[in-house]
Amino acid sequence: MISLYDFYILNEKLKNKLRTEEFDKRKRDECLKLLGFWISPFSRRVEMALKFKGVPYEYLEEDLPKKTPLLLELNPIHKKVPVLVHNDKILSESHVILEYIDLTWSNNPFLPQDPYEKAMARFWAKFVDEQILPLGFMSLVKAETGIEVAIEETRELITYLEKEVTGKYYFGGKTIGFLDMVAGSMIPFCLARAWECMGIDMITHEKFPELNRWINKLNEVEIVRECIPPKEKHIERMNQIVERIKST
Amino acid sequence: MVEEVILLGYWASMFGMRTRIALEEKGVKYEYREEDLSNKSSLLLEMNPIHKKIPVLLHKGKPICESIIQVQYIDEAWPDKNPILPSDPYQRAQARFWSDYIDKKTYGPCKALWSETGEKQEAAKLEFVEVLKTLESELGDKSFFGGNEFGLVDIAFIGYYSWFCTYEKVANFSIVAEFPKVISWAKRCLKRESVAKVLPDSDKVLKSISEYRKIILGIH
């Protein structure tokens, strides 16, 4: 049986805690802007992360390759999207931004909690952007006579991801996680469209049954669907990009 | 009981140095195995089949590859001593940003600096000088890249210090004269036991690269 005094103290402490949490939440959600580009998988994955956390943000479209003075001011080192502005904090590089989002809004964590699982997610994310992308796009587009070899080499890399997702709904397990956002924004909804306009069926059902299943599962996730560039417009733009690369 | 932590590395690799420094900072007992890069061990090839590169960190038999990922793993697996990353999410993001910058911007030019000649080497030198300018500016008056505490970005870049003499000699420029803040930062880092233990002698690096340039490139 607690005294009236104890009850008063407890009540004050609770009100204080709620006020602080509410203040923290309001402060966190105060000003969030994302500079992005509609076909950039790097900015699309940041949108997925923000929607996953249910955090409202203002989206500012960059009309690349023209870069606004704002972009150059906010990201003078790399001069690239995405850039996230959170109150007075400026962040760039999509993997850095994603990890910041996961730590700042601690509901629904999308990075694994276990250090080893986290290290693996980071490793595969780096693999997607630094191995699959250059080989599966630039090298492929530029390979005139050697294209079959480039396609096979890309498939060899993609096989690693096939193994990673085997037996799971998503790379993140039962729900999408960090690696689904990175690989999802890059492969099925970016590179695949480039491959389609080049007439390449890269991720065949026969060689990659698990990845195909994963792509179908991703399509069921509302926030992923909201963050995919519209297909026809995307393929048309990809065609232009591919032609431009081939002609240089 | 088999060693819980094994690190496969190469004495002159600034990437391997990162992981070793992190393990030393945390006081983790580990077995270091020197790899002969011209004759890679079956363990290395098995544990890093994708890149076949050092460093490879093995913890309880499970491999972790890529040095910055390894350093973060070490920080998270042994959280009690000498934190390598700050706890504040924005400070952590800054640390990750700068270590990623170092990786992206130095890998190509630094390799070309010692393995190339003529125009390719000149171009690499200019790129590396730009990186040094940026880092000199980012360092400013801070003791370390993260402020007062030694951390991820320092670990990411300090290994390159053991290569400075080599770069200066083979590409004919002075880092010591142009980048005083980076140099005094490096000397500050060297006062740490972990760094002093791990970094090889600059002379040893220079000798090894000079040999390479003599034999492979025919440069005396």
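This tour goes through a predicted model with chains A and B, one selection at a time.

**Stop 1: the two annotated regions of chain A**

Select residues 30–109 of chain A. An unreviewed UniProt entry lists this stretch as "domain: GST N-terminal".

Now select residues 114–241 of chain A, which the unreviewed UniProt entry lists as "domain: GST C-terminal". Here the chain is 73% helix and 0% strand, with 40 Å between the end C-alpha atoms.

**Stop 2: helix 4 of chain A**

Select residues 94–104 of chain A. Is this helix mostly covered or mostly exposed? Helix 4 of chain A is mostly covered, since nine of its eleven residues are buried. Among the buried residues are A:Ser94, A:Val96, A:Ile97, A:Leu98 and A:Tyr100. Charged side chains are on the list too, including A:Glu99 and A:Asp102.

A:Arg122 belongs to helix 5 (residues 115–142) of chain A and A:Glu99 to helix 4, so the pair ties together parts that are 23 residues apart in sequence. Why do both count as buried? A:Arg122 has a relative accessible area of 6%, and A:Glu99 also has 6%; buried means under 20%.

Together with A:Glu99 and A:Arg122 they are linked in a network of salt bridges.

**Stop 3: where the chains meet**

Show both chains and select the residues in contact. There are 27 on chain B and 24 on chain A. The two chains bury about 2,300 Å² between them, and 70% of that is on carbon and sulfur atoms. Which three residues of chain B supply more of its buried area than any other three? Select B:Ile50, B:Tyr90 and B:Phe97, which supply 26% of the area that chain B buries against chain A.

Four salt bridges are found across this interface. One to select is A:Glu93 with B:Lys104, whose closest N and O atoms are 2.7 Å apart. The chains also have six residue pairs in polar contact.

Which elements of chain B take part? Strand 4 (62–65), helix 3 (67–77) and helix 4 (89–115) of chain B each supply at least two residues of the side that touches chain A. Helix 4 of chain B gives the largest share, 13 residues. By type, this side of chain B divides into 14 nonpolar, four polar and nine charged residues.

Another pair to select is B:Glu66 and A:Lys126, which form a salt bridge at 3.0 Å, N to O. The pair crosses between chains, from the loop between strand 4 and helix 3 of chain B to helix 5 of chain A. B:Glu66 is partly exposed, with a relative accessible area of 23%.

**Stop 4: two places within chain B**

Select B:Ser115, in helix 4 of chain B. Its relative accessibility is 15%, so B:Ser115 counts as buried. A polar atom of its side chain lies 2.7 Å from the backbone oxygen of B:Lys111.

Finally, select B:Glu24 and B:Lys197, whose side chains meet in a salt bridge (3.1 Å, N to O). This pair links helix 1 (residues 14–25) and helix 10 (residues 193–198) of chain B, and its two residues are 173 residues apart. B:Lys197 counts as exposed, at 52% relative accessibility.

Notes. Residues numbered from 1 in each chain as written. Chains lettered and ligands numbered in written order. Predicted model: local features only at pLDDT ≥ 70, side-chain atom pairs only at ≥ 80, totals over all residues. Heavy atoms only, no water. UniProt positions renumbered as here; feature names shortened; annotations may be inferred. Buried < 20%, exposed > 50% of the residue type's maximum accessible area, 1.4 Å probe, protein only. Helix = DSSP H or I, 4+ residues; strand = E, 2+ residues; numbered from the N terminus. Contact = heavy atoms within 4.5 Å. Buried area = accessible area lost by both parts, 1.4 Å probe. Polar contact = N/O pair within 3.5 Å; in protein donor to acceptor, adjacent residues only side chain to side chain.
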